[in-house]
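This report describes a sheet and one of its residues in the structure shown below.

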Amino acid sequence: MKPLVKTVATTAVVLAGLAGCASRSSGGSSTSAAGAGSGGSSSSSSSSSAGQTPSTPPSSTGQTGTPNPSNPSDPGTVKYVALQGLSLQKDGVTLVTEVNWGGCYDQPTLVIKSQDASKVVIEEKTVSHYRVGMMCPDFSRNGEATVKLDAPLGSRQVIDGVKNVAISVS
């Protein structure tokens with residue numbers, strides 16, 4: 001009797017593992033994999049995962065449960081990156097840098113972290129709306145990011161707020 005119980009138990013564990021792998025690769029929820037691993041038979045986990053698929057219809061963008069990147073209430077993931085070069089416009093108060101963006105990213109912006117009589121600390125802000133399972137558009141754009149200082153730059157030093165190093169301004 002013991003070899004039969006051992007064989008049945010081993011078969012149940014293997015089937016539960018396979019059911020969990022199948023539900024993850026076919027886009028099923030992880031709760032069906034957890035239900036299969038808790039001792040339920042493979043037929044009940046299949047029926048529970050099949051029962052969940054129709055109840056979550058894809059959104060108009062084709063993803064299930066992912067936020068829309070064009071939704072203004074979705075703030076996205078903000079990241080500050082080091083500047084690649086900076087120039088000063090003729091007015092003496094506007095700093096400009098060339099930027100590239102595309103896909104799930106918004107156009108980068110320049111952000112002044114602080115400015116005083118001796119220095120200006122500046123960073124480039126990027127915002128990504130990427131979400132797992134969501135495809136990003138395949139495009140690339142080039143442009144400029146600008147920021148106006150409170151007073152003319154004059155002899156003040158410009159500091160990259162990410163790397164904390166001085167930036168030469170052309």
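## Sheet pairing and lysine 148

In strand E6, glutamate 144 is the bridge partner of glutamate 98. Strands are DSSP runs (E, at least two residues), numbered from the N terminus. The model is predicted: local features need pLDDT of at least 70, side-chain atom pairs count only at pLDDT 80 or more, and totals for chains, interfaces and linings use all residues. Residues are numbered from 1 along each chain as its sequence is written, and side-chain values use heavy atoms, with hydrogens and water left out.

Strands E3 and E6 pair in the antiparallel sense over nine bridges; pairing requires that DSSP finds at least two bridges between two strands. The open sheet has three strands in the order E2-E3-E6, with antiparallel pairing. Strands E2 and E6 are the edge strands, each pairing on one side only.

| Strand | Residues |
|---|---|
| E2 | 87–88 |
| E3 | 94–102 |
| E6 | 140–148 |

Lysine 148 is found in strand E6. Not counting residues up to four places away in sequence, lysine 148 touches Asp91, Val93, Thr94 and Ile112, where contact means heavy atoms within 4.5 Å. The C-alpha atoms of lysine 148 and valine 96 are separated by 9.0 Å, at 52 residues apart along the chain.

The protein chain averages a pLDDT (the predictor's confidence in each residue, from 0 to 100) of 74, and 58% of the residues score at least 70. Over residues 21–69 the pLDDT is below 50.

Technical notes. Helix = DSSP H or I, 4+ residues; strand = E, 2+ residues; numbered from the N terminus.
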